[in-house]
Amino acid sequence: NPNPNPNPNPNPNPNPNPNPNPGYELLDAGFSGVPYYRLGRAAALNAADAAGGAPSPAPADVTVIECGGGPTGADAGTLRVVVVSDTHGYHDSLEGRVPPGDVLLHCGDFSLDSGRRKKDREAQSSFDAWLAAQPHPAKIVVRGNHDSSGWKFPRSGAHYATRNELLALRKGAEGAAADVMMYVSPHLGYKNAAVPAAGIDILATHAPPNGLLDFTYNGQRAGSSHLRLMSRAWARGGADGGKAPPRLWACGHIHEASGVMAVDFTSD
């Protein structure tokens, strides 16, 4: 049986402990019951912080992702990013549960990975159709460890990140508002990840960093040591040549550690 888990729920959680992340404070149950956690001092995360002036055109080594021109909420100057991950062929189970937004970001492992080529192709085609049916103007998919780098998204037009790259998320015409900068590091890219010195707004990876949202059922940490090492450059907060941390770090991979945390990366 290519899927030894008979439970149709793609993320079964047999752990009776409502907080599978010991040492983290459980804050609240958010959208669809997803838990929120806090670690250390909460960072002052202000997504509405906007630098004055129109931006310069994106440099040649940046891919511009058009995110539509109209507002999706009360604030036309807000870019709303909706994050999902590790659907493993069960994307249809999210029907009616995905909120609207400007960008739908999938952090990897969308593949069924059954070991049967035809079945896997059909599942990937179904995922592409599901993406196409979502109302978000832009779709970004990060390659996970179960995903082939050769998959295509002809129906949805999703941007499939299979290498480390810098994206400029643009809402409206160029110069109308500052681009939101996203750095993407997929599976097999962490070791060579290099977040720009100028800083970014969003970091998207498949795996979490070691020690954060990576606690597994067997009591082990399964996050990436390379990503954790990279994040230590943010402890200086840009004060003496160090890089400023992103406002948002989106990741997946560890099903049982799903949730949201507020982390102060500027404190070592």
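These legends walk through several close-up views of one predicted model.

In this model, local features need pLDDT of at least 70 and side-chain atom pairs count only at pLDDT 80 or more, while totals for chains, interfaces and linings use all residues. Residues are numbered from 1 along each chain as its sequence is written, and side-chain values use heavy atoms, with hydrogens and water left out.

**View 1. The whole protein, as a starting point.**
The protein has 2 helices and 12 strands; helices (H or I, at least four residues) and strands (E, at least two) are DSSP runs, numbered from the N terminus. Of the 268 residues, 41% count as buried; here buried means under 20% relative accessible area, exposed over 50%, and partly exposed in between, using a 1.4 Å probe and protein chains only. Take the contacts between residues at least 6 apart in sequence: 61% of them join residues at least 24 apart. Contact means heavy atoms within 4.5 Å.

**View 2. A five-strand open sheet with mixed pairing.**
This open sheet lines up its 5 strands in the order β3-β8-β9-β10-β11, and its pairing is mixed. Strands count as paired if DSSP finds at least two bridges between them. At the edges sit β3 (62–66) and β11 (248–250), each pairing on one side only. From one strand to the next, the twist averages 25°; axes are lines fitted to C-alpha atoms, for helices over the stretch in contact, and angles run from 0 to 180 degrees between N-to-C directions.

**View 3. Strand β9 and its two neighbours.**
Strand β8 (residues 165–170) and strand β9 (residues 180–185) run antiparallel and are joined by 5 bridges. Look for Leu169, which stands opposite Val180 in β9. On to strand β10 (residues 202–205): β9 runs parallel to β10, with 4 bridges joining the two, and here Tyr183 stands opposite Leu203. As for cover, 6 of the 6 residues in β9 are buried. In a regular strand the side chains alternate between the two faces of the sheet. In β9, Val180, Met182 and Val184 are buried on one side, and Met181, Tyr183 and Ser185 are buried on the other.

**View 4. Glu165 and the residues around it.**
Glu165 lies in strand β8 and, at 8% relative accessibility, counts as buried. Leaving aside residues up to four places away in sequence, Glu165 touches Thr63, His159, Tyr160, Met182, Tyr183 and Val184.

A nonpolar core is a set of buried Ala, Val, Leu, Ile, Met, Phe, Trp, Tyr and Cys residues joined through side-chain atoms within 4.5 Å. The largest one has 20 residues, and Tyr183, Val195, Leu203, Met230 and Trp234 touch the most other members. At least two residues each come from β8, β9, α2 (225–231) and β12 (260–263). Apart from this core lies another, of 18 residues, among them Ile65, Cys107, Ala138 and Ile140. Back at Leu203, its contacts include Pro246, Leu248, Trp249 and Ala250, not counting residues up to four places away in sequence.

The structure holds 0 disulfides; a disulfide would need a pair of cysteine sulfur atoms within 2.5 Å. Cys107 is buried at 0% relative accessibility, whereas Cys251 is partly exposed at 24%.
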